[in-house]
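My plan is to look up a few contacts and write down what I find.

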Amino acid sequence: MNTAIKYQWMMMIRSKWLITFAVLFAVLSSTVIASSGHEASGVFTRSTAALLNLSLLLVPLVALLAGSLFIAGEKEDGRLSLILTYPVSTHSLTLGLYVGSCISLWTVVALGYGSASIALFATGGTWSTFVFLSFVFTIVLTSIFLAIALFVGLVASNRLQALGISLFIWAFSVLFYEFIVLFLLSVVPKQWTIFLFALSIILNPVELVRVWTVAALKSSALFGPQLYEWSKWAESASGQLTFIAIACIWIIVPLFLVNVWMKRGKRYA
Amino acid sequence: MRSLFFLLIPIVTLLFTKTVYGEKIEAHKQLQQAIDEAHAGDVLIVKKGIYKGPIIIHKPIHLIAEPGAVVDGEGSEYVVTIRAPRVHVEGLTIRNSAYGKGAGVLIQKSSHVTLKHVRIEHVHYGVYVEKGTNINLLNNVIRGRDIHFAQRGNGIHLLKTSGVVVRENHISRVQDGIYLDWAKHTMIEKNEVTNARYAIHFMYAEDGMAKENVLAENINGMMMMMSKQFTIGYNTIAKQLDYRGYGALIYDSEHVVMHNNTFRYNSTALSLQNARHCHVKDNEFIGNYRALHSLYENPNIIVVKNKFLGNMEDALIQGAPITFDDGIKGNYWDAYQFYDFNDDGVGDTPHRIRSMYSRLLRKWPSVQFYFQSPALSLLDTTESFFTQAQAQGEDRFPLIEVDRNKNETIERSWKLLLFGSILFVSSLLMIGYGRRMTYEKNC
């Protein structure tokens with residue numbers, strides 16, 4: 001498993017594309033946080049929202065692309081079939097691939113948040129729980145989307161297909177999803193609202209992380225009076241545990257599917 | 001000559017000073033007895049010890065407590081009752097009134113009473129003033145019980161009073177911090193109110209001033225109802241983050257001047273509902289979910305020279321439209337994309353307050369769930385470029401310069417630098433290590 005992690009980590013961090021993204025993310029997040037004034041306090045504010053939105057927009061995209069294109073490329077070039085012939089169990093191979101890509105992308109996110117924090121310091125901002133929480137939740141978001149990306153990369157038959165599926169998943173979960181929920185909201189009876197929102201959080205990791213961040217900052221008053229009871233629950237320990245559980249499911253299920261797929265591949269290899 | 005006379009009073013009274021020695025339980029008789037036996041104008045020094053309440057002061061005396069002098073009401077309704085003019089109580093600790101009724105101190109039909117450096121704990125109401133004139137409440141600490149605010153009493157309750165000065169008090173864990181009920185000529189200055197339902201509650205109050213108070217982490221900072229002629233200035237109103245939370249709500253009131261206040265991180269910073277002839281000027285609205293909210297009609301209102309910075313929504317106008325300038329100057333909006341070719345400090349184009357999101361919100365209140373979410377922010381931005389959405393309000397003379405942080409010094413946060421540097425350096429090392437490792441293997 002260690003070899004698999006090392007292999008994946010080396011291959012990914014070697015990618016010029018990923019390094020370019022790391023620099024881009026660092027520059028963007030620093031700019032956003034430095035130009036937003038110093039309102040990044042312990043509560044959810046517009047500058048907080050700006051940095052969070054940057055993560056919510058970019059991180060799923062890069063995780064999906066990096067993860068899926070890499071695996072699809074391995075598959076296309078026949079390297080994956082070669083690896084599958086090695087005497088390594090699929091479990092450790094799956095985990096190795098996943099952890100390896102996670103470490104590379106976490107590095108990218110850490111670079112972004114590191115430079116953003118330094119930029120905030122340079123402009124006279126103060127430490128707040130938000131900077132830390134936002135970093136942690138971006139890590140969670142990266143991990144979830146990498147698990148999905150591995151699966152996408154395995155399912156796709158070539159790089160181009162992987163690219164298409166990844167872009168579609170990204171656009172759907174980040175851009176279209178909210179409008180679909182809003183449309184449903186205008187159609188279904190009013191008493192279903194909370195159920196619909198809860199379901200929408202479970203079904204989309206982007207939503208999960210967005211709502212989780214707000215709740216963890218104890219700022220869910222933001223969601224308005226209609227969701228008061230729900231917000232209180234989301235801020236409570238049981239709410240937070242539920243968020244953790246959903247995040248775990250979002251990581252475990254795709255990885256499980258990857259494992260099943262690889263096992264099948266191994267049989268044919 | 002007159003001042004000389006006033007100087008003489010304490011010197012003369014000192015000659016008649018009596019000392020009360022407190023012991024447990026038995027001391028009750030001593031303190032009440034000492035008060036009963038004292039002559040008008042006497043100064044009683046209350047020694048350290050626990051005295052049993054309730055205590056009734058019915059003659060003009062001075063009660064100066066040494067540190068550690070406590071009057072314990074042991075659940076009686078009013079722990080200390082003052083029913084005489086010119087009473088001065090200083091340094092005493094007063095505690096344990098009844099649950100659900102009563103107060104630490106009741107001042108009834110008195111005038112020229114001063115409470116100074118008094119500590120009031122575990123009480124229903126803190127100080128209850130009924131029909132008092134010229135009352136001074138200075139540097140007191142009032143802490144209610146740790147129960148839901150609906151079961152607590154108010155910190156300072158002024159009922160039908162005139163000329164009350166409330167200065168430098170620290171009030172927490174109460175229902176309403178300072179409640180003005182038919183109170184006239186009230187001065188509220190430099191107090192700190194936290195963990196209350198409403199920090200300051202004006203009800204049928206008239207003519208007064210609230211200055212340099214810090215109102216934080218309450219449900220509402222300031223609640224003004226059916227009141228008039230108030231000047232509210234230089235207050236810090238922060239973190240009223242409950243969904244019902246308003247920094248300040250002015251309802252059915254008139255002639256209120258709100259100036260130089262700082263509203264930070266409130267759910268809704270300032271809400272005007274039937275406010276007539278009000279001035280809102282030179283305030284700072286920073287990082288609120290909603291800065292200004294206007295409901296019903298607010299005739300003759302002037303909103304000018306305020307700074308709107310980093311609020312999620314600058315204004316929500318739900319009733320009659322209001323103007324955001326006085327014909328010469330407007331406000332500073334961080335959302336305003338300005339041009340100022342004639343260099344007069346005023347933007348050449350008006351600032352229109354509009355948002356797709358606000359319109360959606362009015363139709364479906366639950367859309368609030370998507371406040372500043374990636375997709376809706378994107379929609380809002382796109383929409384502001386391409387369509388001429390109906391503006392909620394207009395500032396014809398938006399200011400383009402802002403002088404921020406006048407009183408604030410930039411505070412360097414080393415924790416932030418440490419956090420940033422650790423992330424930055426470790427990620428660079430990781431990348432460098434990973435790339436070199438690959439290189440060596442390839443060679």
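Is B:Glu121 buried or exposed? I find B:Glu121 buried, at 18% relative accessibility (buried is under 20% relative accessible area, exposed over 50%, partly exposed in between, with a 1.4 Å probe and protein chains only).

I note the ground rules. This is a predicted model, where local features need pLDDT of at least 70, side-chain atom pairs count only at pLDDT 80 or more, and totals for chains, interfaces and linings use all residues. Residues are numbered from 1 along each chain as its sequence is written, chains are lettered from A and ligands numbered from 1 in written order, and side-chain values use heavy atoms, without hydrogens and water.

Next, I looked up the partner. B:Glu121 forms a salt bridge with B:Arg119, 2.7 Å from N to O (a side-chain nitrogen of Lys or Arg within 4 Å of a carboxyl oxygen of Asp or Glu). B:Arg119 is partly exposed at 34%.

I then checked chain A. A:Arg159 and A:Glu76 meet in a salt bridge at 3.5 Å, N to O. A:Arg159 sits in helix 7 and A:Glu76 in helix 3, so the pair ties together parts 83 residues apart in sequence (helices are DSSP runs of H or I, at least four residues; strands are runs of E, at least two; both are numbered from the N terminus). A:Arg159 is partly exposed at 37%, and A:Glu76 is too, at 42%.

Last, I turned to B:Asp252. Its salt bridge goes to B:Arg276, with the closest N and O atoms 2.9 Å apart.
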